[in-house]
Amino acid sequence: MSRSPILTRHSEGGAVPGPGDLHSADTAWHYGDPLGEQRAATSGVIIVDRSDRAVIEIAGDERLTWLHTITSQHIAALPDRSSAENLSLDANGRVEEHFVLTDIDGVTWLDTEGSRGEPLLGFLSKMVFWAKAEPAARPDMKVVTLVGPGALGGPVADLLEIGADTVVYQAGGLPESHHEDEPLGFWRRMPSLGEHRDLPVVDLIVPEYVLNRWWDTLTEAGARMAGSWAFDALRVAARRPRLGADTDERTIPHEVDWIGGPDELGAVHLDKGCYRGQETVARVHNLGKSPRRLVLLHLDGSSDQRPAPGDPVTAGGRTVGRLGTVVDHHEWGPIALALVKRNVGADVELTVGAESAVSARIDPDSILEDDRVQAGRAAVERLRSGPAAPGRNS
């Protein structure tokens with residue numbers, strides 16, 4: 001992508017570009033006070049430039065039923081002005097793509113990590129066959145995100161005509177007063193962020209020609225400019241994974257809690273028909289547990305050095321996991337997401353980092369135990385136990 005016009009405008013006023021890799025150098029990493037930007041989201045509202053995300057448009061009468069057949073989410077009858085998260089899996093059930101989709105006014109919009117836009121579009125294009133669906137890249141559409149209670153109430157929400165009763169994944173068009181006979185863009189509510197997941201999130205997808213106008217309008221109404229650092233800190237505290245940062249080539253949906261329909265804030269519906277990778281999803285759901293799970297780590301902050309995503313997580317000299325996003329939180333200090341083996345408990349002493357070792361511990365609240373007996377496992381046990389002997393229980 002090209003350098004964001006927001007970053008270009010504010011580069012002399014304190015905007016610091018991302019260092020690259022997971023933090024795009026084409027958008028702002030922070031505006032001079034990354035911790036203050038995080039705190040502002042807890043009581044007001046921040047606005048984050050996420051123009052590094054890739055946007056795809058799908059037109060055509062069969063766009064939803066077609067997309068339903070090749071992805072993991074149940075969207076064949078997705079209502080107008082609604083959103084959902086979705087995955088494309090490989091034949092072994094490993095995550096290849098994660099994207100958000102919104103259907104509004106006869107068009108389905110997808111957005112994903114910037115580096116995955118071209119591969120996702122390539123996959124969709126070759127899967128069209130005879131369906132009435134037309135996927136196309138839309139580099140002119142940009143994503144910005146509002147985080148904080150002010151996203152659903154107050155001057156910023158009033159400008160966007162978003163009510164306090166707006167539910168997660170609901171979407172709407174931007175106010176008519178801002179149109180110029182071109183695409184107006186839309187807003188959608190996303191799952192909340194923060195350590196208690198109590199910070200509302202609203203995305204705006206707008207044409208680039210009105211990006212600066214909306215940015216100015218919303219900041220003048222009280223939204224504080226914040227960078228990707230602030231967004232990632234709130235996301236990590238909420239244990240919300242990011243494709244490529246918190247996943248690897250072996251990740252399956254159960255490991256990162258992407259299971260569930262839109263009403264469960266998931267990306268994999270368990271009650272839909274066949275799609276690539278479904279066998280693995282069904283087998284893990286009915287018979288077993290995922291080999292790893294996503295946890296929140298608290299890192300030793302005594303050093304200025306930080307480990308990097310992809311670094312090993314070790315226990316007693318043995319590798320037990322993979323490090324994901326690492327970020328400094330305004331209250332907790334350095335924290336990270338990590339995929340660790342399921343048998344690693346919160347009491348295990350961990351070390352992270354490839355070059356310099358940093359002590360880490362698992363936040364016990366991030367370990368979500370599910371002790372239910374799966375339907376498939378229960379059926380296997382009944383078969384193993386055999387029929388009751390004559391006269392038993394008589």
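**Reading an open sheet and its helices**

Author: Welcome! In this predicted model, six strands make up an open sheet of mixed pairing, ordered 10-11-12-9-3-13.

Reader: Which strands stand at the edges of the sheet, each with a single partner strand?

Author: Strand 10 (171-173) and strand 13 (224-226) do; each has a single partner strand, so one side of each is left without a neighbour in the sheet. On average, neighbouring strands here are turned by 30 degrees against each other, direction ignored.

Reader: In what sense do strand 11 and strand 12 pair, parallel or antiparallel?

Author: Strand 11 (residues 186-193) and strand 12 (residues 199-207) pair in the antiparallel sense, over six bridges. Look at Phe 186, for instance: the bridge partner of Phe 186 is Ile 205 in strand 12.

Reader: Nice. Which strands does helix 2 lie across?

Author: Helix 2 (residues 34-43) lies across strand 3 (46-49), strand 9 (141-147), strand 12 and strand 13, and runs at about 130 degrees to strand 13. Helix 6 (residues 211-220) also packs on the sheet, where helix 6 touches strand 3, strand 9, strand 12 and strand 13. The direction of helix 6 makes about 160 degrees with that of strand 3.

Terms used: Residues are numbered from 1 along each chain as its sequence is written. This is a predicted model: local features need pLDDT of at least 70, side-chain atom pairs count only at pLDDT 80 or more; totals for chains, interfaces and linings use all residues. Side-chain values use heavy atoms; hydrogens and water are left out. Two strands pair if DSSP finds at least two bridges between them. Helices (H or I, at least four residues) and strands (E, at least two) are DSSP runs, numbered from the N terminus. Axes are lines fitted to C-alpha atoms, for helices over the stretch in contact, and angles run from 0 to 180 degrees between N-to-C directions. Contact means heavy atoms within 4.5 Å.
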